[in-house]
Amino acid sequence: MFSAISGLKVNQTMLDVTANDLANVNTVAYKSSRTTFQDSLAQLQRGAAGPGNGTGGSNALQIGLGVKLGSVDNIMTEGAPQTTGSPLDVYIEGSGWFRVANGTPPAVPTAFQWTRAGNFTTNSQGHLITSTGQYVVGRGATATPDGRGGFTYAPNATDSYIQIPPGSTDVSISPDGGVSYVDRNRASPTFERRVTAGYIALGKFANEAGLQRNGGSTWSESAASGAATVDTPGVGGNGRTLAGMLEMSNVDLATQFTTMITAQRGFQANSRVISTSDEMLQDLVNLKR
């Protein structure tokens, strides 16, 4: 009976995980989960014996004592891209995580969270932010005169906010993470020229599945994930950034419905074991009559 009770508990957990995945089937950049079980302790009825005294030996005789939750694994496969047409929507083609944080410009924060949800926007000061208001922390841009009155831009190693001056037009994000705009400030030396405000920075982890969920499509580093290696898109194994697209949830509906049926049948089977065990106990109680 207690073995069956443990089966009820873990199958209920499996159903909870599946329900959460199904609820987030349309969540931007959501990563699904997988539940695994492990057998619990076993009661040893007879130990194993080797050959001897004319016998060939015997195996151990053990009776299992139920099941326990083994793990709830994060499935970190890349979700499918969806075209949105918005210039501030960004899809990571390949590896990498956007670096976001709460902060107070111009001071750059040192504690970061990570996300692959690239549905960005700008605030009243022109800073690039997430849908929940966190700042996108990228890398600064170094401007070099091109000899024709303009500038060429390249990322540098300085962490910085990405700020697009209000009133600018034709904002775009390039595959190397450069966030640029056309300057419409008549008092600026770059008036009516394309300016790169900064570069989106991406982080990579030795063990992405070890990241911890924070909610709001953000994740935090953990001892299991290791520290992030930060660089710009296309550098150090990072993927490219594609504007006008978003990464969708990686939930596979067919797999989730199959898992839901499996969890339901497992729960029913263990419930039946408890009912049968109860009937056997009832028969034992009735033997005294």
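## Aromatic residues

R99 lies over the face of F112, at 4.7 Å from the ring centre; a charge is taken to sit over a ring if NZ of Lys or CZ of Arg is within 6 Å of the ring centre and within 35 degrees of the ring normal. This is a predicted model, in which local features need pLDDT of at least 70 and side-chain atom pairs count only at pLDDT 80 or more, whereas totals for chains, interfaces and linings use all residues. Residues are numbered from 1 along each chain as its sequence is written, and side-chain values use heavy atoms, with hydrogens and water left out.

A pair of aromatic rings is described by the distance of the centres and the angle of the planes. Rings of Phe, Tyr and Trp (its six-membered ring) are counted as a pair if their centres lie within 6.5 Å, with planes under 30 degrees apart called stacked, those over 60 edge-to-face and the rest tilted. By this rule there are five aromatic pairs. The rings of W114 and F205 have centres 5.3 Å apart and planes at 90°, so this pair is edge-to-face. The pair links distant parts of the chain, 91 residues apart, since W114 is in strand 8 (residues 113-115) and F205 is in the loop between strand 16 (202-204) and strand 17 (212-215); here helices (H or I, at least four residues) and strands (E, at least two) are DSSP runs, numbered from the N terminus. Both W114 and F205 are buried, where buried means under 20% relative accessible area, exposed over 50% and partly exposed in between (1.4 Å probe, protein chains only). Ring pairs also join F112, W114 and F205 into a cluster.

## Nonpolar cores

A nonpolar core is a set of buried Ala, Val, Leu, Ile, Met, Phe, Trp, Tyr and Cys residues joined through side-chain atoms within 4.5 Å. The largest has 17 residues, of which F98, I162 and I200 touch the most other members. The elements that give two or more residues to this core are strand 6 (90-93), strand 7 (97-101), strand 14 (178-182) and strand 15 (194-199). Apart from it lies another core, of six residues, among them M76, W97, W114 and F205.

Contact means heavy atoms within 4.5 Å. Leaving aside neighbours within four places in sequence, I162 is in contact with G126, H127, L128, V136, G138, V179, A197, Y199 and I200.

The expected span of a helix is 1.5 Å times one less than its number of residues. For the 22 residues of helix 1 (residues 2-23) this gives 32 Å, which agrees with end C-alpha atoms that are 32 Å apart. At the start of helix 2, a side-chain oxygen of D252 reaches to within 3.1 Å of the backbone nitrogen of A254.

In helix 1, the buried residues are A4, S6, G7, L8, V10, N11, M14, V17, T18 and D21, and what covers them includes strand 1 (33-39), strand 4 (67-74) and helix 2 (253-286). In helix 2, Q256, T259, A263, G266, N270 and S277 are buried, with helix 1 and strand 1 included in what covers them. T35, found in strand 1, counts as buried at 15% relative accessibility; not counting residues up to four places away in sequence, T35 touches M14, V17, L69 and S71.

## Backbone exceptions

Most residues other than glycine have a negative phi, and most peptide bonds are trans. A29, in the loop between helix 1 and strand 1, is a residue other than glycine with a positive phi, near 60°, and it is buried, with a relative accessible area of 7%. N53 likewise has a positive phi of about 55° although it is not a glycine; N53 lies in the loop between strand 2 (42-46) and strand 3 (61-64) and is exposed, with a relative accessible area of 84%.

A cis peptide bond joins P105 and P106, with omega about 10°, and P106 is placed in the loop between strand 7 and strand 8.

## Strand 19

T229 lies in strand 19 (residues 229-231) and counts as exposed at 55% relative accessibility. Leaving aside neighbours within four places in sequence, T229 is in contact with L202, G203 and K204. The C-alpha atoms of T229 and G150, which are 79 residues apart along the chain, are separated by 33 Å.

Technical notes. A polar contact is a pair of N or O atoms within 3.5 Å; within protein, one must be able to donate a hydrogen and the other to accept it, and residues adjacent in sequence count only if both atoms are side-chain atoms.
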